[in-house]
Amino acid sequence: MTRLESAIRRLTAQRDLLDWASRAISPTGLVLEVGLGNGRTYDHLRSRLPGREIYAFERSPAAHPDCYPPEGYLIVGDLFETLPSFTERHGHGSAALIHIDIGTGDEDLNRRVALRLSPLLEALLQPGGLLLGDRVFEMPSCRNISSQTGVPEGRYFVYRRE
Ligand code: SAM
């Protein structure tokens, strides 16, 4: 597979899963976009979930100018600092959907970061809440339901909190 084909497959899986999750999530609870980047997936989520409260997290905001969250909904800083204070403010189990796409080309680093982030993300998920991620997370209270979503195995990962 060429790198172009691989990128297309990843983006297709991302879009299809965001569409699936937008239909599947509970009607109440926050939506969190972790890693705003240039705002593509944030833009997709807000178009699929009009009226929902969507917070985006980013340490170095540089999104497309049309893809910034409204005042108060962009949480700037490193996730290891911003996620715990967000949880204090909004409470454990406040999120219906978390989408996290923060990977780099360094797979070892990605794995270590995902492991450290797992308990912080798990604390935010409400019962029945969904986490979609570009990698594997270790969240004992969640079930890996990726195979139920139709996404090709290993391309994107989906967890539901029990
Ligand atoms: N999904 C986005 C889109 O469609 O445009 C792309 C996200 S991009 C791959 C990953 C983003 O995560 C980068 O902008 C990076 O700055 C941010 N990021 C990575 N690690 C982070 C951390 N520890 N704290 C805050 N932001 C982080």
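In this predicted model, helix 3 and helix 4 are roughly parallel to each other, because the angle between them falls under the 35 degrees that counts as roughly parallel. Helix 3, which covers residues 79-90, packs against helix 4, residues 107-124, at an angle of about 15°, and their axes lie 9 Å apart. The crossing in which helix 3 passes helix 4 is left-handed. On the helix 3 side the contact is made by Leu79, Phe80, Leu83, Pro84, Phe86 and Thr87, which meet Val113, Arg116, Leu117, Leu120, Leu121 and Leu124 of helix 4. Sorted by class, this contact comprises 10 nonpolar residues, one polar residue and one charged residue.

For Ser94, which is 30 residues away from Leu124 along the chain, the separation between the two C-alpha atoms is 5.6 Å.

Helix 1 spans residues 3-24, and its 22 residues reach 31 Å from the first C-alpha to the last, close to the 32 Å expected at 1.5 Å a residue. Its buried residues are Ala13, Gln14, Leu17, Leu18, Asp19, Trp20, Ala21 and Ser22, and these pack against helix 2 (40-48) as well as against strand 4 (95-100), strand 5 (125-133) and strand 7 (157-161). With helix 2, helix 1 forms an angle of about 30°, the axes being 10 Å apart, so the two helices are roughly parallel to each other. Helix 1 passes helix 2 in a right-handed crossing. In this contact Gln14, Arg15, Leu18, Asp19 and Ser22 of helix 1 meet Thr41, His44, Leu45 and Arg48 of helix 2, and by class the residues divide into two nonpolar, four polar and three charged.

The geometry of the two pairs is set out here.

| Helix pair | Angle | Axis distance |
|---|---|---|
| Helix 3 and helix 4 | about 15° | 9 Å |
| Helix 1 and helix 2 | about 30° | 10 Å |

Gln14, a residue of helix 1, has 4% relative accessibility and therefore counts as buried. Leaving aside neighbours within four places in sequence, Gln14 touches Thr41, His99, Asp101 and Tyr156. The C-alpha atom of Gln14 is separated by 9.0 Å from that of Gly133, although these residues are 119 residues apart along the chain.

Pro61, by contrast, belongs to a loop, the one between strand 2 (54-58) and strand 3 (74-76). Is Pro61 buried or partly exposed? Its relative accessibility is 34%, so Pro61 counts as partly exposed. When residues up to four places away in sequence are not counted, Pro61 is in contact with Tyr68, Leu74 and Val76. Between Pro61 and Leu109 the C-alpha to C-alpha distance is 21 Å, and the two are 48 residues apart in sequence.

Conventions. Residues numbered from 1 in each chain as written. Predicted model: local features only at pLDDT ≥ 70, side-chain atom pairs only at ≥ 80, totals over all residues. Heavy atoms only, no water. Helix = DSSP H or I, 4+ residues; strand = E, 2+ residues; numbered from the N terminus. Expected span 1.5 Å × (residues − 1). Buried < 20%, exposed > 50% of the residue type's maximum accessible area, 1.4 Å probe, protein only. Contact = heavy atoms within 4.5 Å. Axes fitted to C-alpha atoms, helices over the stretch in contact; angles between N-to-C directions. Parallel < 35°, antiparallel > 145°, perpendicular 65-115°, else oblique. Left-handed = near helix turned anticlockwise from the far one by under 90°. Nonpolar A, V, L, I, M, F, W, Y, C, P; charged D, E, K, R; others polar.
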